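Student: I would like to go through this structure with you and ask where each label comes from.
Tutor: Happy to, let us look at it together.

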Amino acid sequence: MAGFANYVYDLGERVCSPECLLTPLAVRKMIFSWLSLIIGNATSKIIIFASLPIISRIYEPSSIGELSYFISVGEIISSCATLSLPLGIPLEKNHEKTFVLIKTAQNISYVFSILTLVTLCIYFYMEDKKINTEHAIWIAALPIYIIFSSHINIYTSIAIKTKNLKLIPKSNIVASISSSSIKIFGSLISNTFFTLITATLISQTIQIVTFITHTQNYYFSKPTFKKQIQTIMENKDLIIYRTPQQLLSIVSISLPLFFLSITSSKEQTGYYAMAMNTLFIPVNIIATATFQIYYSHLTSSNDSRETKNKALKKVTVFLLLASLPMAVFIYIFSPEIYRIVFGEVWINSGKYASALVIWLVFMVINKPIVASLTTIHKQKQLFIYEATGTVVKLFSLAACFYFEYNPMTTIELYSLTSAFFYVILITWGYRELKNHEKEYV
(Lines give C-alpha, C1' and ligand atoms only; values in the text may rest on other atoms or scores of the structure.)
Protein backbone atom coordinates (compact mmCIF):
# COMPACT_ATOMS: atom_id res chain seq x y z
CA MET A 1 0.00 0.00 0.00
CA ALA A 2 2.78 2.41 0.94
CA GLY A 3 4.57 1.69 -2.33
CA PHE A 4 1.41 2.44 -4.27
CA ALA A 5 0.97 5.72 -2.38
CA ASN A 6 4.56 6.71 -3.18
CA TYR A 7 3.97 5.95 -6.84
CA VAL A 8 0.87 8.16 -6.94
CA TYR A 9 2.67 11.08 -5.30
CA ASP A 10 5.70 10.73 -7.59
CA LEU A 11 3.33 10.65 -10.56
CA GLY A 12 1.93 13.98 -9.37
CA GLU A 13 5.45 15.41 -9.19
CA ARG A 14 6.15 14.37 -12.79
CA VAL A 15 2.81 15.52 -14.21
CA CYS A 16 2.85 18.81 -12.29
CA SER A 17 6.53 19.65 -12.70
CA PRO A 18 7.36 23.28 -11.90
CA GLU A 19 8.62 23.91 -15.43
CA CYS A 20 5.13 23.51 -16.87
CA LEU A 21 3.62 26.26 -14.67
CA LEU A 22 4.10 29.77 -16.02
CA THR A 23 3.70 31.60 -12.71
CA PRO A 24 6.03 33.36 -10.24
CA LEU A 25 8.26 30.99 -8.31
CA ALA A 26 6.42 31.11 -4.97
CA VAL A 27 3.01 30.51 -6.57
CA ARG A 28 4.46 27.87 -8.86
CA LYS A 29 5.82 25.87 -5.95
CA MET A 30 2.55 26.11 -4.06
CA ILE A 31 0.44 25.03 -7.03
CA PHE A 32 2.90 22.22 -7.79
CA SER A 33 2.68 20.95 -4.19
CA TRP A 34 -1.09 21.45 -4.15
CA LEU A 35 -1.62 19.41 -7.32
CA SER A 36 0.69 16.66 -6.11
CA LEU A 37 -1.14 16.48 -2.80
CA ILE A 38 -4.53 16.55 -4.52
CA ILE A 39 -3.53 13.71 -6.87
CA GLY A 40 -2.56 11.59 -3.87
CA ASN A 41 -5.72 12.46 -1.93
CA ALA A 42 -7.86 12.00 -5.04
CA THR A 43 -6.57 8.46 -5.28
CA SER A 44 -7.89 7.74 -1.79
CA LYS A 45 -11.27 9.13 -2.82
CA ILE A 46 -11.29 7.12 -6.06
CA ILE A 47 -10.90 4.00 -3.93
CA ILE A 48 -13.90 5.04 -1.85
CA PHE A 49 -15.97 6.00 -4.90
CA ALA A 50 -15.15 2.68 -6.57
CA SER A 51 -16.60 0.88 -3.56
CA LEU A 52 -19.70 3.07 -3.14
CA PRO A 53 -21.76 1.42 -5.93
CA ILE A 54 -21.29 -1.85 -4.04
CA ILE A 55 -21.82 -0.37 -0.57
CA SER A 56 -24.96 1.52 -1.65
CA ARG A 57 -26.48 -1.81 -2.73
CA ILE A 58 -25.50 -3.58 0.49
CA TYR A 59 -26.51 -1.08 3.18
CA GLU A 60 -29.85 0.66 3.65
CA PRO A 61 -30.04 4.46 3.29
CA SER A 62 -30.95 4.61 6.99
CA SER A 63 -27.66 2.91 7.99
CA ILE A 64 -25.60 5.26 5.82
CA GLY A 65 -27.52 8.21 7.24
CA GLU A 66 -26.82 7.07 10.81
CA LEU A 67 -23.11 6.68 10.05
CA SER A 68 -22.96 10.22 8.67
CA TYR A 69 -24.82 11.47 11.74
CA PHE A 70 -22.27 9.69 13.98
CA ILE A 71 -19.30 11.12 12.07
CA SER A 72 -20.80 14.63 12.18
CA VAL A 73 -21.17 14.45 15.97
CA GLY A 74 -17.65 13.03 16.24
CA GLU A 75 -16.16 15.78 14.08
CA ILE A 76 -17.94 18.49 16.07
CA ILE A 77 -16.46 17.22 19.34
CA SER A 78 -13.07 16.53 17.72
CA SER A 79 -12.88 20.14 16.54
CA CYS A 80 -12.62 21.11 20.24
CA ALA A 81 -10.74 18.06 21.50
CA THR A 82 -7.27 19.54 20.91
CA LEU A 83 -8.20 23.20 21.48
CA SER A 84 -6.71 23.99 18.04
CA LEU A 85 -3.19 23.46 19.42
CA PRO A 86 -2.10 21.42 16.34
CA LEU A 87 -2.29 24.66 14.32
CA GLY A 88 0.55 25.98 16.46
CA ILE A 89 2.85 23.05 15.66
CA PRO A 90 4.04 24.38 12.24
CA LEU A 91 4.59 27.83 13.79
CA GLU A 92 6.74 26.62 16.70
CA LYS A 93 10.48 26.89 16.00
CA ASN A 94 11.80 25.27 19.17
CA HIS A 95 12.06 21.47 18.94
CA GLU A 96 11.37 20.78 22.62
CA LYS A 97 8.44 23.20 22.75
CA THR A 98 6.99 21.45 19.71
CA PHE A 99 7.06 18.18 21.65
CA VAL A 100 5.29 19.80 24.62
CA LEU A 101 2.68 21.21 22.25
CA ILE A 102 2.07 17.75 20.75
CA LYS A 103 1.76 16.02 24.13
CA THR A 104 -0.52 18.75 25.49
CA ALA A 105 -2.87 18.40 22.51
CA GLN A 106 -2.92 14.62 22.94
CA ASN A 107 -3.67 14.82 26.66
CA ILE A 108 -6.49 17.29 26.11
CA SER A 109 -8.04 14.89 23.57
CA TYR A 110 -8.05 12.15 26.23
CA VAL A 111 -9.91 14.44 28.61
CA PHE A 112 -12.54 15.25 25.97
CA SER A 113 -12.92 11.54 25.21
CA ILE A 114 -13.58 10.69 28.87
CA LEU A 115 -16.07 13.56 29.21
CA THR A 116 -17.87 12.32 26.08
CA LEU A 117 -18.06 8.80 27.51
CA VAL A 118 -19.55 10.01 30.79
CA THR A 119 -21.99 12.34 29.02
CA LEU A 120 -23.27 9.59 26.72
CA CYS A 121 -23.83 7.20 29.60
CA ILE A 122 -25.81 9.80 31.56
CA TYR A 123 -27.78 10.96 28.50
CA PHE A 124 -28.85 7.51 27.32
CA TYR A 125 -29.73 6.36 30.82
CA MET A 126 -31.84 9.45 31.51
CA GLU A 127 -33.57 9.06 28.14
CA ASP A 128 -34.55 5.35 28.31
CA LYS A 129 -33.56 4.28 31.85
CA LYS A 130 -31.41 1.57 30.23
CA ILE A 131 -28.54 1.09 27.80
CA ASN A 132 -29.60 -0.84 24.68
CA THR A 133 -27.40 -2.21 21.88
CA GLU A 134 -27.53 0.97 19.78
CA HIS A 135 -26.61 3.09 22.79
CA ALA A 136 -23.71 0.77 23.59
CA ILE A 137 -22.27 1.19 20.09
CA TRP A 138 -22.27 4.98 20.47
CA ILE A 139 -20.85 4.83 24.01
CA ALA A 140 -18.01 2.55 22.93
CA ALA A 141 -17.24 4.05 19.52
CA LEU A 142 -17.60 7.84 19.88
CA PRO A 143 -14.85 8.41 22.51
CA ILE A 144 -12.46 6.27 20.44
CA TYR A 145 -13.36 8.19 17.28
CA ILE A 146 -12.59 11.48 19.05
CA ILE A 147 -9.14 10.32 20.19
CA PHE A 148 -8.26 8.93 16.75
CA SER A 149 -9.46 12.04 14.88
CA SER A 150 -7.49 14.27 17.24
CA HIS A 151 -4.30 12.27 16.74
CA ILE A 152 -4.72 12.32 12.97
CA ASN A 153 -4.96 16.13 13.12
CA ILE A 154 -1.85 16.29 15.29
CA TYR A 155 0.22 14.07 13.02
CA THR A 156 -1.01 15.98 9.97
CA SER A 157 0.34 19.19 11.53
CA ILE A 158 3.67 17.45 12.22
CA ALA A 159 3.81 16.42 8.54
CA ILE A 160 3.21 20.05 7.54
CA LYS A 161 5.93 21.26 9.91
CA THR A 162 8.50 18.74 8.65
CA LYS A 163 7.49 19.32 5.00
CA ASN A 164 6.62 15.62 4.76
CA LEU A 165 3.47 16.36 2.77
CA LYS A 166 3.80 13.06 0.89
CA LEU A 167 2.75 11.32 4.11
CA ILE A 168 -0.72 12.91 4.17
CA PRO A 169 -2.08 11.35 0.94
CA LYS A 170 -0.25 8.11 1.74
CA SER A 171 -2.13 7.77 5.02
CA ASN A 172 -5.42 8.66 3.31
CA ILE A 173 -4.91 5.99 0.65
CA VAL A 174 -4.15 3.27 3.21
CA ALA A 175 -7.18 4.31 5.30
CA SER A 176 -9.48 4.30 2.25
CA ILE A 177 -8.42 0.82 1.19
CA SER A 178 -8.96 -0.60 4.67
CA SER A 179 -12.30 1.18 5.22
CA SER A 180 -13.81 0.15 1.88
CA SER A 181 -12.60 -3.45 2.21
CA ILE A 182 -14.04 -3.88 5.70
CA LYS A 183 -17.38 -2.34 4.73
CA ILE A 184 -17.76 -4.69 1.76
CA PHE A 185 -16.46 -7.94 3.25
CA GLY A 186 -17.78 -7.19 6.72
CA SER A 187 -21.29 -7.07 5.28
CA LEU A 188 -21.07 -10.83 4.79
CA ILE A 189 -21.34 -11.04 8.58
CA SER A 190 -23.62 -8.07 9.20
CA ASN A 191 -24.78 -5.27 6.87
CA THR A 192 -25.64 -2.87 9.68
CA PHE A 193 -24.53 0.40 11.23
CA PHE A 194 -22.19 -1.58 13.54
CA THR A 195 -20.14 -2.83 10.58
CA LEU A 196 -19.85 0.70 9.15
CA ILE A 197 -18.64 2.05 12.50
CA THR A 198 -16.14 -0.78 12.90
CA ALA A 199 -14.71 -0.10 9.43
CA THR A 200 -14.36 3.60 10.27
CA LEU A 201 -12.46 3.00 13.52
CA ILE A 202 -10.14 0.35 12.05
CA SER A 203 -9.26 2.60 9.10
CA GLN A 204 -8.45 5.42 11.55
CA THR A 205 -6.19 3.06 13.49
CA ILE A 206 -4.31 2.09 10.32
CA GLN A 207 -3.99 5.76 9.33
CA ILE A 208 -2.46 6.65 12.70
CA VAL A 209 -0.01 3.73 12.48
CA THR A 210 1.02 4.98 9.02
CA PHE A 211 1.70 8.44 10.43
CA ILE A 212 3.65 7.13 13.44
CA THR A 213 5.93 4.89 11.37
CA HIS A 214 6.88 7.76 9.03
CA THR A 215 6.95 10.73 11.43
CA GLN A 216 10.02 12.43 12.86
CA ASN A 217 10.61 11.53 16.50
CA TYR A 218 9.62 14.45 18.77
CA TYR A 219 9.69 12.52 22.02
CA PHE A 220 12.19 13.43 24.75
CA SER A 221 10.58 12.92 28.15
CA LYS A 222 7.21 13.38 29.72
CA PRO A 223 6.50 17.15 29.92
CA THR A 224 5.54 18.49 33.32
CA PHE A 225 2.05 19.76 34.04
CA LYS A 226 3.52 23.25 34.48
CA LYS A 227 5.04 23.18 30.98
CA GLN A 228 1.74 22.06 29.49
CA ILE A 229 -0.13 24.90 31.20
CA GLN A 230 2.54 27.31 29.94
CA THR A 231 2.05 25.97 26.41
CA ILE A 232 -1.69 26.51 26.71
CA MET A 233 -1.16 30.11 27.83
CA GLU A 234 1.29 30.79 24.97
CA ASN A 235 -1.32 29.63 22.47
CA LYS A 236 -4.37 31.18 24.14
CA ASP A 237 -5.43 33.03 20.97
CA LEU A 238 -5.81 29.71 19.15
CA ILE A 239 -7.78 28.29 22.07
CA ILE A 240 -10.04 31.27 22.72
CA TYR A 241 -10.87 32.20 19.12
CA ARG A 242 -9.75 29.51 16.68
CA THR A 243 -11.34 26.57 18.55
CA PRO A 244 -14.87 28.01 18.66
CA GLN A 245 -14.41 29.18 15.07
CA GLN A 246 -13.57 25.64 13.96
CA LEU A 247 -16.43 24.29 16.05
CA LEU A 248 -18.94 26.65 14.48
CA SER A 249 -17.59 25.89 11.01
CA ILE A 250 -18.18 22.16 11.44
CA VAL A 251 -21.56 22.76 13.09
CA SER A 252 -22.67 24.89 10.13
CA ILE A 253 -21.60 22.10 7.77
CA SER A 254 -23.50 19.50 9.80
CA LEU A 255 -26.67 21.55 10.40
CA PRO A 256 -28.52 20.30 7.29
CA LEU A 257 -27.87 16.68 8.28
CA PHE A 258 -29.14 17.29 11.83
CA PHE A 259 -32.13 19.22 10.45
CA LEU A 260 -33.13 16.39 8.10
CA SER A 261 -32.66 13.76 10.79
CA ILE A 262 -35.14 15.65 13.01
CA THR A 263 -37.71 16.84 10.47
CA SER A 264 -37.59 14.13 7.77
CA SER A 265 -37.39 10.38 7.43
CA LYS A 266 -34.23 8.31 7.84
CA GLU A 267 -34.35 7.68 4.09
CA GLN A 268 -34.17 11.41 3.27
CA THR A 269 -31.28 11.74 5.72
CA GLY A 270 -29.59 8.82 3.98
CA TYR A 271 -30.06 10.38 0.53
CA TYR A 272 -28.50 13.63 1.73
CA ALA A 273 -25.72 11.70 3.49
CA MET A 274 -24.84 9.88 0.26
CA ALA A 275 -24.60 13.22 -1.58
CA MET A 276 -22.48 14.61 1.24
CA ASN A 277 -20.23 11.53 1.27
CA THR A 278 -19.63 11.59 -2.48
CA LEU A 279 -19.20 15.36 -2.88
CA PHE A 280 -18.58 16.98 0.47
CA ILE A 281 -15.78 14.70 1.66
CA PRO A 282 -13.58 14.90 -1.47
CA VAL A 283 -14.19 18.64 -1.71
CA ASN A 284 -13.27 18.95 1.95
CA ILE A 285 -10.05 17.05 1.25
CA ILE A 286 -9.24 19.46 -1.59
CA ALA A 287 -10.01 22.39 0.68
CA THR A 288 -7.90 20.90 3.48
CA ALA A 289 -4.98 20.25 1.10
CA THR A 290 -5.25 23.85 -0.09
CA PHE A 291 -5.09 25.12 3.50
CA GLN A 292 -2.19 22.78 4.37
CA ILE A 293 -0.08 23.80 1.37
CA TYR A 294 -0.70 27.53 1.70
CA TYR A 295 -0.33 27.52 5.49
CA SER A 296 2.94 25.62 5.15
CA HIS A 297 4.17 28.24 2.65
CA LEU A 298 3.17 31.17 4.85
CA THR A 299 4.81 29.77 8.00
CA SER A 300 8.12 29.02 6.26
CA SER A 301 8.44 31.71 3.60
CA ASN A 302 10.47 34.89 4.11
CA ASP A 303 8.62 36.70 1.34
CA SER A 304 7.25 40.16 2.06
CA ARG A 305 3.58 40.61 2.92
CA GLU A 306 3.06 42.28 -0.47
CA THR A 307 4.54 39.26 -2.28
CA LYS A 308 2.38 36.89 -0.23
CA ASN A 309 -0.77 38.88 -1.01
CA LYS A 310 -0.02 38.83 -4.73
CA ALA A 311 0.51 35.08 -4.52
CA LEU A 312 -2.79 34.77 -2.66
CA LYS A 313 -4.69 36.46 -5.49
CA LYS A 314 -3.17 34.12 -8.05
CA VAL A 315 -3.98 31.04 -5.96
CA THR A 316 -7.57 32.20 -5.43
CA VAL A 317 -8.10 32.82 -9.15
CA PHE A 318 -6.56 29.42 -9.94
CA LEU A 319 -8.96 27.69 -7.52
CA LEU A 320 -11.95 29.50 -8.99
CA LEU A 321 -11.08 28.60 -12.58
CA ALA A 322 -10.33 24.99 -11.60
CA SER A 323 -13.61 24.58 -9.69
CA LEU A 324 -16.16 26.14 -12.03
CA PRO A 325 -16.17 23.58 -14.90
CA MET A 326 -16.61 20.65 -12.53
CA ALA A 327 -19.29 22.53 -10.57
CA VAL A 328 -21.33 23.17 -13.73
CA PHE A 329 -21.01 19.52 -14.73
CA ILE A 330 -22.17 18.29 -11.31
CA TYR A 331 -25.08 20.73 -11.21
CA ILE A 332 -26.44 19.56 -14.56
CA PHE A 333 -25.73 15.83 -14.60
CA SER A 334 -25.51 14.60 -10.99
CA PRO A 335 -29.09 13.17 -10.71
CA GLU A 336 -28.55 10.95 -13.72
CA ILE A 337 -25.03 10.01 -12.62
CA TYR A 338 -26.25 8.91 -9.18
CA ARG A 339 -29.07 6.88 -10.72
CA ILE A 340 -26.67 5.02 -13.02
CA VAL A 341 -23.79 4.54 -10.60
CA PHE A 342 -25.55 3.87 -7.29
CA GLY A 343 -28.93 2.57 -8.38
CA GLU A 344 -32.40 3.94 -9.08
CA VAL A 345 -33.15 4.47 -5.40
CA TRP A 346 -30.33 7.04 -5.05
CA ILE A 347 -31.53 9.54 -7.68
CA ASN A 348 -32.58 11.91 -4.87
CA SER A 349 -28.95 11.99 -3.71
CA GLY A 350 -28.03 13.38 -7.13
CA LYS A 351 -30.58 16.15 -6.67
CA TYR A 352 -29.08 16.99 -3.29
CA ALA A 353 -25.63 17.03 -4.91
CA SER A 354 -26.82 19.65 -7.42
CA ALA A 355 -28.12 21.76 -4.55
CA LEU A 356 -24.81 21.54 -2.64
CA VAL A 357 -22.44 22.42 -5.47
CA ILE A 358 -22.29 26.24 -5.14
CA TRP A 359 -21.59 25.92 -1.40
CA LEU A 360 -18.76 23.48 -2.03
CA VAL A 361 -17.07 25.63 -4.68
CA PHE A 362 -16.73 28.58 -2.32
CA MET A 363 -15.67 26.29 0.54
CA VAL A 364 -12.56 25.46 -1.50
CA ILE A 365 -11.88 29.00 -2.71
CA ASN A 366 -11.88 30.57 0.77
CA LYS A 367 -9.16 28.34 2.30
CA PRO A 368 -6.10 30.44 1.28
CA ILE A 369 -7.79 33.49 2.80
CA VAL A 370 -8.36 31.67 6.10
CA ALA A 371 -4.72 30.50 6.15
CA SER A 372 -3.48 34.05 5.55
CA LEU A 373 -5.72 35.56 8.23
CA THR A 374 -4.53 32.94 10.73
CA THR A 375 -0.88 33.93 10.25
CA ILE A 376 -1.63 37.62 10.95
CA HIS A 377 -3.52 36.67 14.13
CA LYS A 378 -7.08 37.46 13.04
CA GLN A 379 -8.55 34.53 15.01
CA LYS A 380 -10.93 36.81 16.90
CA GLN A 381 -12.34 38.29 13.69
CA LEU A 382 -12.66 34.82 12.14
CA PHE A 383 -14.60 33.67 15.17
CA ILE A 384 -16.99 36.64 14.94
CA TYR A 385 -17.50 35.94 11.24
CA GLU A 386 -18.18 32.24 11.84
CA ALA A 387 -20.54 32.93 14.74
CA THR A 388 -22.56 35.42 12.69
CA GLY A 389 -22.73 33.06 9.72
CA THR A 390 -23.84 30.10 11.83
CA VAL A 391 -26.63 32.10 13.47
CA VAL A 392 -27.93 33.31 10.08
CA LYS A 393 -27.76 29.78 8.64
CA LEU A 394 -29.62 28.43 11.66
CA PHE A 395 -32.34 31.03 11.16
CA SER A 396 -32.58 30.05 7.48
CA LEU A 397 -33.27 26.45 8.50
CA ALA A 398 -35.82 27.63 11.08
CA ALA A 399 -37.55 29.71 8.39
CA CYS A 400 -37.68 26.71 6.06
CA PHE A 401 -39.24 24.66 8.84
CA TYR A 402 -41.76 27.42 9.64
CA PHE A 403 -42.86 27.79 6.02
CA GLU A 404 -42.88 24.00 5.58
CA TYR A 405 -40.46 23.91 2.68
CA ASN A 406 -39.61 20.48 1.36
CA PRO A 407 -36.15 19.03 2.17
CA MET A 408 -34.74 19.76 -1.30
CA THR A 409 -35.71 23.44 -1.23
CA THR A 410 -34.30 23.71 2.30
CA ILE A 411 -30.90 22.41 1.21
CA GLU A 412 -30.84 24.71 -1.84
CA LEU A 413 -31.48 27.79 0.32
CA TYR A 414 -28.93 26.68 2.89
CA SER A 415 -26.34 26.15 0.17
CA LEU A 416 -26.91 29.64 -1.26
CA THR A 417 -26.71 31.21 2.20
CA SER A 418 -23.43 29.43 2.95
CA ALA A 419 -21.93 30.46 -0.41
CA PHE A 420 -22.95 34.07 0.24
CA PHE A 421 -21.10 34.10 3.58
CA TYR A 422 -17.97 32.68 1.95
CA VAL A 423 -18.06 35.58 -0.53
CA ILE A 424 -18.25 37.97 2.42
CA LEU A 425 -15.26 36.24 4.05
CA ILE A 426 -13.14 36.47 0.90
CA THR A 427 -14.00 40.16 0.39
CA TRP A 428 -13.35 41.08 4.02
CA GLY A 429 -10.20 38.95 4.16
CA TYR A 430 -8.58 40.74 1.22
CA ARG A 431 -9.29 44.09 2.84
CA GLU A 432 -7.73 42.98 6.15
CA LEU A 433 -4.63 41.65 4.39
CA LYS A 434 -4.28 44.85 2.40
CA ASN A 435 -4.45 46.93 5.59
CA HIS A 436 -1.90 44.64 7.22
CA GLU A 437 0.40 45.08 4.24
CA LYS A 438 0.23 48.89 4.60
CA GLU A 439 1.25 48.67 8.25
CA TYR A 440 4.59 47.14 7.25
CA VAL A 441 5.38 49.41 4.32
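Tutor: Let us start with a definition: helices (H or I, at least four residues) and strands (E, at least two) are DSSP runs, numbered from the N terminus. By that rule N153 is found in helix 5. Please keep in mind that this is a predicted model, where local features need pLDDT of at least 70, side-chain atom pairs count only at pLDDT 80 or more, and totals for chains, interfaces and linings use all residues. Residues are numbered from 1 along each chain as its sequence is written, and side-chain values use heavy atoms, with hydrogens and water left out.

Student: How many helices and strands does the protein have?
Tutor: The count is 15 helices and zero strands.

Student: Why is N153 called partly exposed?
Tutor: Buried means under 20% relative accessible area, exposed means over 50%, and partly exposed is in between (1.4 Å probe, protein chains only). N153 has a relative accessible area of 36%, so it counts as partly exposed.

Student: What makes S68 buried?
Tutor: The relative accessible area of S68 is 3%, so S68 is buried. This residue is found in helix 3, and helix 3 is mostly covered, with 16 of its 21 residues buried. Across the whole protein, buried residues make up 54% of the 441 residues.

Student: Which residues does S68 touch, not counting residues up to four places away in sequence?
Tutor: S68 touches L257, A273, M276 and N277, where contact means heavy atoms within 4.5 Å. In helix 5 (residues 133-161), F148 touches L201, Q204, T205 and I208, again leaving out residues up to four places away in sequence.

Student: How do you know that the span of helix 3 is close to the expected one?
Tutor: The expected span of a helix is 1.5 Å times one less than its number of residues. Helix 3 (residues 61-81) has 21 residues and reaches 30 Å from its first C-alpha to its last, close to the 30 Å expected.

Student: Why are helix 3 and helix 4 called oblique to each other?
Tutor: Axes are lines fitted to C-alpha atoms, for helices over the stretch in contact, and angles run from 0 to 180 degrees between N-to-C directions. Angles under 35 degrees count as roughly parallel, over 145 as roughly antiparallel, 65 to 115 as roughly perpendicular and the rest as oblique. The axes of helix 3 and helix 4 (residues 95-128) come within 9 Å and cross at roughly 140°. Helix 3 and helix 4 are therefore oblique to each other.

Student: Which residues make the contact of helix 3 with helix 4?
Tutor: Helix 3 brings I77, C80 and A81, while helix 4 brings A105, I108, S109, F112 and T116.

Student: How many nonpolar, polar and charged residues does the contact have?
Tutor: Ala, Val, Leu, Ile, Met, Phe, Trp, Tyr, Cys and Pro count as nonpolar, Asp, Glu, Lys and Arg as charged, and the others, Gly among them, as polar. The contact of helix 3 with helix 4 has six nonpolar, two polar and no charged residues.

Student: What about phi of L83 and S84, and are they buried or exposed?
Tutor: Phi of L83 is near 55°, a positive value in a residue other than glycine. S84 has a positive phi of about 65°, and S84 lies in the loop between helix 3 and helix 4. With a relative accessible area of 18%, L83 is buried; S84, at 2%, is buried too.
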